[in-house]
Amino acid sequence: KALRDLSEADLQSQLDIVRRELWGRRVKLREGALQQNHQVGAARRQIARLLTALNERRRAAQAPKGKA
């Protein structure tokens, strides 16, 4: 997948961008200005994907090496 090819810094910056988008969509949803309600759930799923990719990297870096 494309997310696994990104660096950790790129994943973190993407995560920040999507979190800001989610916040903006939630505000619009409360105001009644959001036409496509599914965008809120899509942003939440994208955040979960990014966090999963970041956590996989961090766990792989912490894993003991050469354990037999």
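**Note on salt bridges, core and surface charge**

1. In this predicted model, the side chains of E21 and R25 meet in a salt bridge, with N and O 3.9 Å apart. Both residues lie in helix α1, four residues apart, which is about one turn of the helix. E21 counts as partly exposed at 37% relative accessibility, and R25 counts as partly exposed at 22%. Buried would mean under 20%.

2. The count of salt bridges comes to three. Another of them joins the side chains of R4 and E56, with an N to O distance of 3.2 Å. This pair links distant parts of the chain: R4 is in the segment before α1, E56 is in helix α2, and 52 residues separate them. R4 is partly exposed, with 47% relative accessibility. E56 is also partly exposed, at 36%.

3. E8 forms a salt bridge with R58, and the closest N and O atoms are 3.2 Å apart. E8 lies in helix α1 and R58 in helix α2, so this pair ties together parts of the chain that are 50 residues apart in sequence. Relative accessibility is 36% for E8, which therefore counts as partly exposed. R58 is partly exposed as well, with a relative accessible area of 37%.

4. Which residues make up the largest nonpolar core? There are 12 in all: L3, L11, L15, V18, L22, L34, V40, A43, I47, L50, A53 and L54. The largest share comes from α2, with six residues. As background, nonpolar side chains in soluble globular proteins tend to be buried together.

5. On the surface, R26, R30, R44, R45 and R49 gather in a patch of positive charge. Helices α1 (8-31) and α2 (38-62) each supply at least two residues of this positive patch. Helix α2 gives the most, with three residues.

6. R49 deserves a separate remark. This residue lies in helix α2 and belongs to the positive patch. Is R49 buried, partly exposed or exposed? R49 has a relative accessible area of 37%, so R49 is partly exposed. A patch residue needs over 30% relative accessible area and no salt bridge.

7. Helix α2 holds R58, the partner of E8 in helix α1, and E56, the partner of R4 in the segment before α1. The pair E21 and R25 lies within helix α1.

Notes. Residues numbered from 1 in each chain as written. Predicted model: local features only at pLDDT ≥ 70, side-chain atom pairs only at ≥ 80, totals over all residues. Heavy atoms only, no water. Patch = residues over 30% accessible without salt bridge, like charges linked within 9 Å, V, L, I, M, F, W, Y side chains within 5 Å. Areas by Shrake-Rupley, 256 points an atom, 1.4 Å probe, with all protein chains shown as cover. Salt bridge = Lys/Arg side-chain N within 4 Å of Asp/Glu carboxyl O. Lys, Arg positive; Asp, Glu negative; His and termini not counted. Charge placed at Lys NZ, Arg CZ, Asp CG, Glu CD. Buried < 20%, exposed > 50% of the residue type's maximum accessible area, 1.4 Å probe, protein only. Core = buried A, V, L, I, M, F, W, Y, C linked by side-chain atoms within 4.5 Å.
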